[in-house]
Amino acid sequence: MLSGNPQVRPADVMSTERPLLIVESIDTFYGDAQALNGLSLAIGPGEAVCLLGRNGQGKTTTIKSILGLVPPRRGRITFDGADITHLPTHRIASRGIAWVPDNRRIFPTLTVERNLEMGLHRALPPGADRAGWTLDRIYARFPILGRLRHRSGEHLSGGEAQLVAIARALLMGPKLVLLDEPSQGLAPKIVEDLMAVIEEIREERIAMLLVEQNSSLALGIAHRAYVVDDGHIVHTSGAAELENNPELKTRLLAV
């Protein structure tokens, strides 16, 4: 186990505004097995944050705890000033949190367009600080989805399915997007294209929590980085600071 458990303060976020998401000392369990142990992190409005760590250390569980899929037994999660710790998942999502899971979870028997419309049905109204995403805007930005609009989900490649999942999340008009291993199982060229899309999400000033096994990809996108080990945060810093310190990065992330 790595040593240390830095306390994450709201002031640690990049923005001087009130943090959008605050996770405070959460303990999360699967049955009797503890997966998260006093984990804390914060994300500011429009901030891109990556959560790094070796396999099985609590990255995906952190996302599931935020979403209420595996609610923490102790601690507190606040989103946009409201306590969401014990809310059901659909109510958490309705507050403006979109999820792109590691297995994409698009509907295999529905067309691309029907999959995308599922995001529109859950969309928040456009706010003064963000433009609304529409199907026309998605097709203009991602022409491949326009060409595939009538193809069923079961006949998409992994990269195409991932793009549908990300586009569907954008159509919800979220304040925060949770991305879980977006590059997993994809060819390098497809990963390059997807990272360009994720970069656009950042430029749209949509806050992001990016869980990604490829640390260099994640650190190239994020403003700040957290590293989790054995269910708690053992390091937090600017993303560029960690990427530019190979010795520290290797020590923190070596399998």
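Student: Which residues in H3 and H6 meet?

Tutor: This is a predicted model, where local features need pLDDT of at least 70, side-chain atom pairs count only at pLDDT 80 or more, and totals for chains, interfaces and linings use all residues. Residues are numbered from 1 along each chain as its sequence is written, and side-chain values use heavy atoms, leaving out hydrogens and water. Helices are DSSP runs (H or I, at least four residues), numbered from the N terminus, and contact means heavy atoms within 4.5 Å. On the H6 side are Val164, Ala167, Arg168 and Leu171, and on the H3 side Val112, Asn115, Leu116, Met118, Gly119 and Leu120.

Student: At what angle do the axes of H3 and H6 cross?

Tutor: Axes are lines fitted to C-alpha atoms, for helices over the stretch in contact, with angles from 0 to 180 degrees between N-to-C directions. Those of H3 (residues 112–121) and H6 come within 7 Å, and the crossing angle is roughly 30°.

Student: How are H6 and H7 oriented to each other?

Tutor: The axes of H6 (residues 158–171) and H7 (residues 188–203) come within 10 Å and cross at roughly 5°. Angles under 35 degrees count as roughly parallel, over 145 as roughly antiparallel, 65 to 115 as roughly perpendicular and the rest as oblique. H6 and H7 are therefore roughly parallel.

Conventions: Helix = DSSP H or I, 4+ residues; strand = E, 2+ residues; numbered from the N terminus.
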